[in-house]
Amino acid sequence: MLKISPLFSGSKGNCTLIQSDNTNILLDAGYSYRSIVRELEKRGLAPNDVDAIVITHEHGDHVGALPNWAKHVATPVYAPKPIADYVSKRAVFCEVYGICGSFEIGNVAVDVYECSHDASCCCGYRFSSGGSKFACVTDTGRVTDALVEFLTPCPTIMLESNHDEDMLLKGDYSYLLKQRILSDYGHLSNRQAAEVLKRLIGKAQSVILAHLSENNNTRELAFSSAVNMYAANGVVEGKDVKVFVAEQRDNEVSICID
């Protein structure tokens with residue numbers, strides 16, 4: 001069994017709780033320590049109940065809470081090997097493991113996908129416990145065969161749907177920032193996310209759209225992009241597949257995978 005609960009998702013901070021029968025994992029520690037603690041308490045957990053923190057990459061919206069977390073709890077931290085030293089300096093009282101391939105935390109096996117993002121190293125992860133599988137890939141700018149193959153075994157996925165391209169192009173961001181987001185090393189748009197999901201029809205049964213930009217997207221646009229793609233391919237949201245949108249805060253999404 002796996003239970004997936006996005007706590008924070010967006011440009012200001014990211015953190016997802018992944019639970020098996022006896023293991024609690026935080027995927028990223030963005031936003032703030034106090035906010036994460038509050039969200040854990042709502043779910044009956046304390047910081048000491050977290051067995052490990054798994055980091056995708058070094059950007060602040062994914063590691064911002066680590067320094068304060070490490071002052072309170074010496075939770076083991078797993079991070080891509082190229083950024084392990086950087087993470088160690090932020091989580092000074094925690095044991096930091098540099099990862100470069102598959103690893104295990106408790107009864108959860110973790111596989112790694114290398115994202116295309118403007119970070120020293122950025123990874124997506126696939127979590128497996130028993131027959132339950134879940135994958136999360138955000139902060140990547142390209143739709144590739146390797147990405148689709150990585151997600152294919154998982155009935156539940158969390159996938160970036162960062163921006164609406166028209167909103168971004170017409171918005172107030174600088175030209176260089178717009179080009180960075182739209183590049184192969186930026187973020188997946190709603191259109192690109194829908195392209196990935198189209199290739200996963202018949203595979204992904206529950207989809208969490210994540211890492212939405214507060215300035216260049218809305219939950220309605222992200223949701224409708226995915227649902228309209230499904231409808232065009234004869235797939236009914238709510239019947240054949242369930243689509244959720246993770247919020248920056250106040251998330252109520254929680255999915256159990258048997």
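## An enclosed space

A cavity, on a 1 Å grid over the protein atoms alone, is a set of points where a 1.4 Å probe fits but cannot get out. Grid points are joined across faces, edges and corners, and a volume is the space filled by probe spheres set on the points. With these terms in place, the structure, which is a predicted model, holds one cavity of 30 Å³ or more. The volume of the largest cavity is about 100 Å³, and 14 residues line it, where a lining residue has an atom within 4 Å of a point. Asn14, Thr16, Asp28, Cys136 and Thr138 are the lining residues closest to the centre of this cavity.

By residue class, the lining of the largest cavity divides into six nonpolar, seven polar and one charged. In this count Ala, Val, Leu, Ile, Met, Phe, Trp, Tyr, Cys and Pro are nonpolar, Asp, Glu, Lys and Arg are charged, and the others, Gly among them, are polar.

## Basis of the values

Residues are numbered from 1 along each chain as its sequence is written, and side-chain values use heavy atoms, with hydrogens and water left out. In this predicted model, local features need pLDDT of at least 70 and side-chain atom pairs count only at pLDDT 80 or more, whereas totals for chains, interfaces and linings use all residues.

## Strands around E10

E9 and E10 form a hairpin with two residues between them, and glycine 130 in the turn has a positive phi of about 65°.

E10 also pairs with strand E11 (residues 156-160), here in the parallel sense and over four bridges, and leucine 159 in E11 is the bridge partner of valine 137. Together with helix H5 (residues 145-151), E10 and E11 make a right-handed β-α-β unit; a crossover is right-handed if, with the strands pointing away from the viewer, the path from the first strand over the helix to the second runs clockwise. Glutamate 149 is found in helix H5 and is exposed, with a relative accessible area of 56%. The C-alpha atoms of glutamate 149 and arginine 199, which are 50 residues apart along the chain, are separated by 9.7 Å.

## Strands E4, E5 and E6

Strand E4 (residues 52-54) and strand E5 (residues 77-80) pair in the parallel sense over two bridges, with valine 54 standing opposite tyrosine 78 in E5. E5 pairs in the parallel sense with strand E6 (residues 96-99) as well, over four bridges, and tyrosine 97 in E6 is the bridge partner of tyrosine 78. A right-handed β-α-β unit is made by E5, helix H4 (residues 84-90) and E6.

## Salt bridges

A search of the whole structure finds 10 salt bridges, each defined as a side-chain nitrogen of Lys or Arg within 4 Å of a carboxyl oxygen of Asp or Glu. One of them joins the side chains of lysine 12 and glutamate 214 (3.5 Å, N to O). Lysine 12 lies in the loop between strand E1 (2-8) and strand E2 (15-19), and glutamate 214 in the loop between strand E12 (206-210) and helix H9 (219-232), so this pair ties together parts that are 202 residues apart in sequence. Lysine 12 is exposed, at a relative accessible area of 51%, while glutamate 214 is partly exposed, at 40%.

Glutamate 39 and lysine 42 also meet in a salt bridge through their side chains (3.0 Å, N to O), and both lie in helix H1 (residues 33-42), three residues apart, about one turn of the helix. Glutamate 39 counts as buried at 6% relative accessibility, whereas lysine 42 is exposed at 58%. In a further pair, arginine 126 forms a salt bridge with aspartate 111, the closest N and O atoms being 3.3 Å apart. This pair links distant parts of the chain, with arginine 126 in strand E9 (residues 123-129) and aspartate 111 in strand E8 (residues 108-114), 15 residues apart. Arginine 126 is buried, with a relative accessible area of 15%, and aspartate 111 is partly exposed, with 21%. Elsewhere, salt bridges that share partners join Lys12, Glu214 and Arg249 into one network.

Notes
Buried < 20%, exposed > 50% of the residue type's maximum accessible area, 1.4 Å probe, protein only. Pairing = 2+ DSSP bridges. 1 Å grid on protein atoms, 1.4 Å probe; cavity = no way out; pocket = protein on both sides within 12 Å on 5 of 7 lines; lining within 4 Å.
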